[in-house]
Amino acid sequence: MEGVELELERRSKFLNNLIQQKKKAKEQQDQKDEFNVRVRASDMPLSVQNRAFSLSRGLLDATPGKADNKRLALALKKDFDSVYGPAWHCIVGTSFGSYVTHSVGGFLYFQIDKVYVLLFKTAVEPLDHQ
């Protein structure tokens, strides 16, 4: 009888985990819809992505009309440098190509309205002064 109870508990945990994943996916989609964002590629944690989306949406809304790409890139870079450490890079525009090397967990390429944003982090190696 114990084996049956263990199996029921295992299945219950599995189903609860599926339900939680479904809720989380729905919340993420709602967040993307709210900011009018389409993620093209990412290996960044969702909370960090949402920070980028929120900051981008706020800056774009603050400057109606044509987006100031340089200002958006600078703001994202400065914010991420101060919150998540140095060596963040940001490219913003409507048409650009890129090929970059990034730190694990530090890459996000997304579209917000008609603007594309590439945000990534590189490793910083201290200089060896001898």
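The model is a predicted one, in which local features need pLDDT of at least 70 and side-chain atom pairs count only at pLDDT 80 or more, while totals for chains, interfaces and linings use all residues. Residues are numbered from 1 along each chain as its sequence is written, and side-chain values use heavy atoms, with hydrogens and water left out.

Four strands form an open sheet in the order β1-β3-β4-β2, with antiparallel pairing. Because β1 (37–42) and β2 (88–93) stand at the edges with a single partner strand each, one side of each is left without a neighbour in the sheet. Neighbouring strands are turned by 15 degrees against each other on average, direction ignored. Here strands and helices are DSSP runs (E, at least two residues, for strands; H or I, at least four, for helices), numbered from the N terminus, and two strands pair if DSSP finds at least two bridges between them. Five bridges join β1 to β3 (residues 107–112), and A41 stands opposite Y109 in β3.

Two helices lie across this sheet. Helix α2 (residues 46–62) lies across β1, β3 and β4 (115–121), at about 35 degrees to β3. Helix α3 (residues 69–84) lies across β2 and β4, at about 160 degrees to β2. For these angles, axes are lines fitted to C-alpha atoms, for helices over the stretch in contact, and values run from 0 to 180 degrees between N-to-C directions; contact means heavy atoms within 4.5 Å.

Q49 lies in helix α2 and counts as buried at 5% relative accessibility, where buried means under 20% relative accessible area, exposed over 50%, and partly exposed in between (1.4 Å probe, protein chains only). Leaving aside residues up to four places away in sequence, Q49 touches V39, S42, M44 and L108. In strand β2, I91 is partly exposed at 31%. With that sequence limit of four places, the contacts of I91 include F96, Y116 and V117. The C-alpha atoms of I91 and Y116 are separated by 8.2 Å, although these residues are 25 apart along the chain.

On helix α1 (residues 2–35) sits F14, partly exposed with a relative accessible area of 49%. Together with L15 and L18, F14 makes a nonpolar surface patch of about 290 Å². Such patches are made of residues with over 30% relative accessible area and no salt bridge, with like charges joined within 9 Å and nonpolar side chains (Val, Leu, Ile, Met, Phe, Trp, Tyr) within 5 Å; accessible areas come from the Shrake-Rupley method with a 1.4 Å probe, and for residues only the protein chains shown count as cover.

Finally, there are seven salt bridges, each a side-chain nitrogen of Lys or Arg within 4 Å of a carboxyl oxygen of Asp or Glu. R51 and D79 form one, with the closest N and O atoms 2.7 Å apart. Since R51 lies in helix α2 and D79 in helix α3, the pair ties together parts that are 28 residues apart in sequence. R51 is partly exposed at 33%, whereas D79 is buried at 19%. Another joins R57 to D113, with the closest N and O atoms 2.5 Å apart.
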